[in-house]
Structures are given as structure tokens and as C-alpha cells.
Amino acid sequence: MSPSTSLRTGLQLFAHPFSSYCQKVLIALWADGTPFEYRMLDEAHPDNFAELERHWPFRQFPVLLDDGRAVIETTCIIEHLQAYHRGSNLWTPDGEEGRRVRFLDRFFDLYVMNSMTVPVFDALRPEGVLPDAYGVERAMARLRTAYDWLETNLGDGPWAIGERFTLADCAAAPSLFYADWVEEIGSGRPRLAAYRARLLAHPMVARAVDEGRPYRKFFPLGAPDRD
Ligand SMILES: N[C@@H](CCC(=O)N[C@@H](CS)C(=O)NCC(=O)O)C(=O)O
């Protein structure tokens, strides 16, 4: 380990403010007021990228370090925070409600967030690589199906499983925020559109959106002039 690694204790998050998966974890940390060191992943901090890669060779982020121990995958990171650094604002229900939270967290990551990233990565492909129109259309069809499923199956809120903000809402906020940029939820899905609007009005989600705002010019499909 380098001295910069071994001397640091407590919680450190390797993250970037414009990254949807990073926002998911930042919302959880901020909601509970959990102190942590922000290890910014940008050109000004090449050491942070090098250390991220040592912990997670896929170079995907965020990664949390807890006294030097790496915790990987956003759902596992938030579950780790709830187990060892629990605050009072993020609700961790047990039993059937807990399983519903877990399911919706998986739903937002796998069907909304990951579908949304397909056209984004297609637009970022290296020069000379052919676009994947079929792959993009399949992802957009999957996103529309996800929207329709949510429109039918979301409760009356205000949050994903009712009155209290959970892991599922941490996943929902950045996924719906960005997904609406690539495929509008539209007025035909009023329940889902209202849930997205409530999420964006949540103070910690608003903070995540604001901290990502300076980077909007890098959104490869062009960020819409709203939100
Ligand atoms: N399943 C992972 C996904 C993480 C992920 O895809 N992060 C994006 C940033 S939002 C990333 O690292 N992208 C760069 C890449 O995939 O190479 C999680 O939940 O932590």
C-alpha cells in the first residue's frame, strides 16, 4: 500500500458528481449525515484513479473504503452503510417491506439505469466503431417497458414503498433523472412523472443534481435545458 492509502482511515468514497451510480450512494451518505472523504475521480486526481483500479480492476465506480477495506457495488455499499454507519433518515425495513425495497432497488438499477446507459455508451464509442442501432433500440424498448411497469405498480408514495425514503429511492432518483433525458417519461405516465418530480425536490437529490450540473456539457447525447 502507498502511504496515501495506509494513513487514511474512516470512510472514503471514490466518485464523480455526474455519475448516476455515484449519486445513488452520495444521496444515502448525505441523507444520514455520514461523514466521509470524497476521493474525486477526475483528471486533476490521477492517484485516485490508480487507487480505484487497485481495489477494483473493472475501474467502475463508486467504490467505498471503510478503514481501508473496499466495499463494491452500490447496493452493497448502501447496505454496508446501513449495517455499520446507520443514520436515522434512510429507512431499512425488514421482512416483506425489506424485500420490496431490495426488489425495487434491483429494478431501478437493472431495468432503468442500465437501459439508459446503452445509448450513452453508444454515443461515446471510439472513432471507427460502428453504432449499435439494434442494441440501442432494444434498450429503449426495455426502458419504455420499465416505465409502464412502474406506472402500474408504483404505490401512491410519496416514496418507492410508501412514507419513508429507502435504498430504492436512492436508486430511483439518478436512474429516473437521467433516463428521462434519453427517453421522456411523458404525460402519459403521470404517476411515474410525479414520483420523478418528488425525487428531484428531495434536498439530497437536489444536491446531487446540482453538484453534477457543471458537467452537463459532457452528456454525450446533449443535456436537455430543464431539471
Ligand atoms: N453495478 C455497479 C455499476 C457501477 C457503474 O456502472 N458505474 C459507472 C459510473 S455511473 C462506471 O463505472 N462507468 C465506467 C465503466 O463502466 O467503465 C454498481 O452498482 O456499483
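Where is E73 found? In this predicted model, E73 sits in the loop between strand 4 (69-72) and helix 4.

## Two residues with positive phi

E73 is not a glycine, yet its phi is positive, at about 80 degrees. The residue is partly exposed, with a relative accessible area of 45%.

D227 is another residue other than glycine with a positive phi, here near 65 degrees. Look for D227 in the segment after helix 9. With 30% relative accessibility, D227 also counts as partly exposed.

## The nonpolar cores

The largest nonpolar core has 58 residues, and F108, V112, L176 and Y195 touch the most other members. Several elements each supply at least two residues of this core, among them strand 1 (11-15), helix 2 (20-31), helix 5 (95-123) and helix 8 (190-201). Helix 7 gives the largest share, 12 residues.

Leaving aside neighbours within four places in sequence, V112 is in contact with F107, L143, A146, L150, S175, L176 and A179.

## Cis peptide bonds

Which residue does a cis peptide bond join to P158? The partner is G157, and omega is about 10 degrees. P158 itself lies in the loop between helix 6 and helix 7.

The peptide bond from F61 to P62 is cis too, with omega near 10 degrees. You will find P62 in the loop between helix 3 (46-55) and strand 3 (63-66).

Methods
Residues are numbered from 1 along each chain as its sequence is written. This is a predicted model: local features need pLDDT of at least 70, side-chain atom pairs count only at pLDDT 80 or more; totals for chains, interfaces and linings use all residues. Side-chain values use heavy atoms; hydrogens and water are left out. A nonpolar core is a set of buried Ala, Val, Leu, Ile, Met, Phe, Trp, Tyr and Cys residues joined through side-chain atoms within 4.5 Å. Buried means under 20% relative accessible area, exposed over 50%, partly exposed in between (1.4 Å probe, protein chains only). Helices (H or I, at least four residues) and strands (E, at least two) are DSSP runs, numbered from the N terminus. Contact means heavy atoms within 4.5 Å.
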